[in-house]
Amino acid sequence: MKITTLGTGWPLPSADRAGAANLVEAGGQRFLVDTGRGVLMRLAAAGAGIGQVTAVLLTHLHSDHVNDFNDVLTTHWIGSFAPAPLKVFGPAGTQAFVDRTLAMLEDDIGWRMDHHDDLSWRPEVEVTEVTDGLVLESGGVRVLCAPTDHRPVHPTVGYRFEHEGAVGVCAGDTVPCDGLDRLVAGAGVYVQTVCRRSAVEAIPAPRLQDILDYHSDLAQAGQTATRGGVGTIVLTHMVPPPVPGTEAEWVAEVAEHFDGTIVLAEDLTAVEVPAGE
Ligand SMILES: [Zn+2]
Ligand SMILES: [Zn+2]
């Protein structure tokens, strides 16, 4: 199993960090977790197209995690040679979000179908809303989810991937909670979106301070990793983006609470998930 951080940015645009998205590869399959800004460009850089993705898994419907979902939907459709539903999993509300995205694209869908004689089908999306437990089983890969806590954004979920003893987790935006602990238990690799409390507090903007109460800070991420006995924690979606030269400080804050390997991700950082004993 391999996890690649496709986008490690926060909600504001960055020259070198795309929006929230991760690629999980296992058992000859690819799973896309979240579809933030630039996701298909980074997926291309990771060597894949959306047609090679088994399923899209959304942690939540915050704009920075779905703002290129319409690109995923359209590109999957116009790149297909036969009707093939895009499989999308996400928390309650995902079906309505997909329906509204399709409505937004209605003019474009009509123009393309009018213009291309061989494109005789509309985009099809197969949505499964998930809450807790088994999400899917495919070719020896098991994907599970658990509820996370990112209130007032609700509901939200994180995902756990299991294949031949390897366990990888993409947690999404959340503070520590029971569901998160269940996801990360015994994981080889745990990917967590994080904020650095001291850096946020140094920026006197109320809208930024609000971020602190619904994201794991570096200490909390380290504590969650330790409780779960994970091997490697991958920090992503850094709020605010690390000032160049301070990366070691971010890692050191986590290391106060976690003895394992700590990776401060950049876009396209790839981490192998070891098979368990
Ligand atoms: Zn969020
Ligand atoms: Zn976010």
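Predicted model: local features only at pLDDT ≥ 70, side-chain atom pairs only at ≥ 80, totals over all residues.

Biologist: Which residue of E15 is the bridge partner of isoleucine 3?
Modeller: E1 is also joined to E15, in an antiparallel arrangement with four bridges. E1 is mostly covered, since five of its six residues are buried. Looking across to E15, the residue that forms the bridge with isoleucine 3 is valine 271.

Biologist: Which strands stand at the edges of the sheet?
Modeller: The sheet is open and has seven strands with mixed pairing, in the order E6-E5-E4-E3-E2-E1-E15. Two strands, at 125–129 and 269–272, each have a single partner strand, so one side of each is left without a neighbour in the sheet. From one strand to the next the twist averages 20°. The strands at the edges are E6 and E15.

Biologist: At about what angle does helix H4 run to E6?
Modeller: Helix H4, made of residues 94–104, lies across both strand E5 (86–90) and E6. Angles here are taken between N-to-C directions and run from 0 to 180 degrees. For H4 and E6, the angle is about 155°.

Biologist: How wide an arc do the buried residues of helix H3 cover around the axis?
Modeller: In helix H3, residues 69–78, the buried residues are Phe69, Val72, Leu73, His76 and Trp77. They lie on the same side of H3, because the arc that they cover around the axis is only 120°. These buried residues pack against several elements, among them helix H1 (39–45), strand E4 (55–57) and helix H2 (63–66).

Biologist: Is valine 239 buried or exposed?
Modeller: Valine 239 is found in strand E13, which spans residues 232–239. Leaving out residues up to four places away in sequence, valine 239 touches Trp10, Cys195, Val200, Ile211 and His215. A residue needs 20 or more other C-beta atoms within 10 Å to count as buried. Valine 239 has 21 of them within that distance and is therefore buried.

Biologist: How many residues are in the largest nonpolar core?
Modeller: Val24, Leu57, Tyr159, Tyr190, Ile233 and Leu235 touch the most other members of this core. Taking leucine 57 as an example, its contacts beyond four places in sequence are Phe31, Leu32, Val33, Phe89, Gly90 and Tyr159. The number of residues in the core is 71.

Biologist: What radius of gyration does the protein have?
Modeller: The protein contains ten helices and 15 strands, and its C-alpha atoms fill a box of roughly 60 × 50 × 30 Å along the principal axes. Of its 277 residues, 46% are buried. For a compact globule with 277 residues the radius of gyration would be near 19 Å, and the protein agrees with this, having a value of 18 Å.

Note on methods: Residues numbered from 1 in each chain as written. Chains lettered and ligands numbered in written order. Buried ≥ 20, exposed ≤ 12 C-beta atoms within 10 Å, placed from the backbone. Contact = placed C-beta atoms within 7 Å. Pairing = 2+ DSSP bridges. Rg over C-alpha atoms; globule rule 2.2 N^0.38 Å. Core = buried A, V, L, I, M, F, W, Y, C linked by C-beta atoms within 7 Å. Arc of directions from axis to C-beta.
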